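Subject: Structure handover

Hello,

Here is the structure I promised to pass on. Please open it and keep it beside this email as you read.

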Amino acid sequence: MMNRQWGVPLLLLLVTGCVSVPPTKHIDNDGAAALRGKTVASTTRPRADFVAMTAGKATFALVGALAMISAGNAIVKENGIEDPVPHMAQELLKDAQERYGLVTAANPLVTIDTHDIAKMAHAASGADLLIDVESLGSSFNYQPLDWTHYSVMSRYLVRVIDVRQAKLMANGSCFETTQKDKTLPTRDELLADKAARLKAILEAQRDHCLAQFKLSVLNIGG
């Protein structure tokens, strides 16, 4: 039986794998001038899983965890929940171009499925700079003391890679959750009307992380 104290960590491990999250680093002012006129591309990755965590499935350890991932992905498909990453990547690419005078690379979209910086740089060899936006998955989760109400969480990573030197230039992570909200919805409330409430929460979390990355990684504003 899955202990509900470590059920969420196990699910996060299943969804994210062994993804290293280095300390946040932004593009520094000294190097900004050297970016003008450089070419930039962004990545596209396989869509991250959505986990629909319920108390019933949580009692079945690994099998239950996989069932929650399957159920979550079905909810995404049935309700037309958009992948948030392309929007985030497009916005950060636009902001970086405006702030640093970057120009779009001949191949502006680089398909990858790796966390190895050298491999990512090799895939983007036609550009000078690569902006990598990655979702580490989203989920809704029952509350430990109230199994009928659910919180929603999302986690993202951003990396800015110097392609020519195959080096991480800037990076950051963002975690959003509604767990501390005063009122939490039931599962039915989250999924009513083609999951309208769930979509609104996920979009708000996406936009908050986008604003955070703009400041903490691209060093814009503040």
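Predicted model: local features only at pLDDT ≥ 70, side-chain atom pairs only at ≥ 80, totals over all residues.

**The nonpolar cores**

In soluble globular proteins, nonpolar side chains tend to be buried together. Start with the largest nonpolar core, which has 27 residues. Which of them touch the most other members? They are Ile27, Leu92, Val133, Val160 and Phe213. Several elements give two or more residues to this core: α4 (85-100), β4, β5, β6 (167-177) and α6. Helix α4 has the largest share, with 7 residues.

Leaving out residues up to four places away in sequence, Leu92 touches Ile131, Val133, Val158, Leu210, Phe213, Lys214 and Leu218.

There is also a second, separate core. It holds 18 residues, including Ile75, Val76, Tyr150 and Ala195.

**The aromatic pairs**

A pair of aromatic rings is described by the distance of the centres and the angle of the planes. How many such pairs does the structure hold? The count is 3.

Take Phe50 and Phe140, which form an edge-to-face pair. Their centres are 5.8 Å apart, and their planes are at 70°. This pair links distant parts of the chain. Phe50 is in strand β2 (residues 50-53), Phe140 is in strand β4, and 90 residues separate them.

Now look at Tyr142 and Trp147, another edge-to-face pair. Here the centres are 6.1 Å apart and the planes are at 75°. Tyr142 is buried, at 7% relative accessibility. Trp147, at 42%, is partly exposed.

Ring pairs also join Phe50, Phe140 and Tyr150 into a cluster. You have met Tyr150 already, as one of the residues in the second core.

**The second largest pocket**

Rolling a probe the size of a water molecule over the atoms shows where empty space is left. The second largest pocket has a volume of about 260 Å³. It is lined by 19 residues. Closest to its centre are Arg47, Ile81, Glu82, Pro84 and Leu202. The elements β4 (129-143), β5 (146-162) and α6 (187-216) each give two or more residues to this lining. Which element gives the most? That is α6, with 4 residues. By type, the lining divides into 7 nonpolar, 5 polar and 7 charged residues.

**Two single residues**

Gln205 is found in helix α6. The cut-off for buried is under 20% relative accessible area. Gln205 has 3%, so it is buried. What does Gln205 touch, beyond residues up to four places away in sequence? Its contacts are Val152, Met153, Ser154, Glu176, Thr177 and Thr178. Check Glu176 in the viewer: it is 29 residues from Gln205 in sequence, yet their C-alpha atoms are 5.9 Å apart.

Thr39 lies in strand β1 (residues 39-44). With a relative accessible area of 19%, Thr39 is also buried. Setting aside neighbours within four places in sequence, Thr39 is in contact with Val103, Ala105, Gly126, Ala127, Asp128 and Leu129.

Best wishes

Terms used:
Residues numbered from 1 in each chain as written. Heavy atoms only, no water. 1 Å grid on protein atoms, 1.4 Å probe; cavity = no way out; pocket = protein on both sides within 12 Å on 5 of 7 lines; lining within 4 Å. Points joined across faces, edges and corners; volume = space filled by probe spheres on them. Nonpolar A, V, L, I, M, F, W, Y, C, P; charged D, E, K, R; others polar. Buried < 20%, exposed > 50% of the residue type's maximum accessible area, 1.4 Å probe, protein only. Contact = heavy atoms within 4.5 Å. Phe/Tyr/Trp six-rings, centres within 6.5 Å; stacked < 30°, edge-to-face > 60°. Core = buried A, V, L, I, M, F, W, Y, C linked by side-chain atoms within 4.5 Å.
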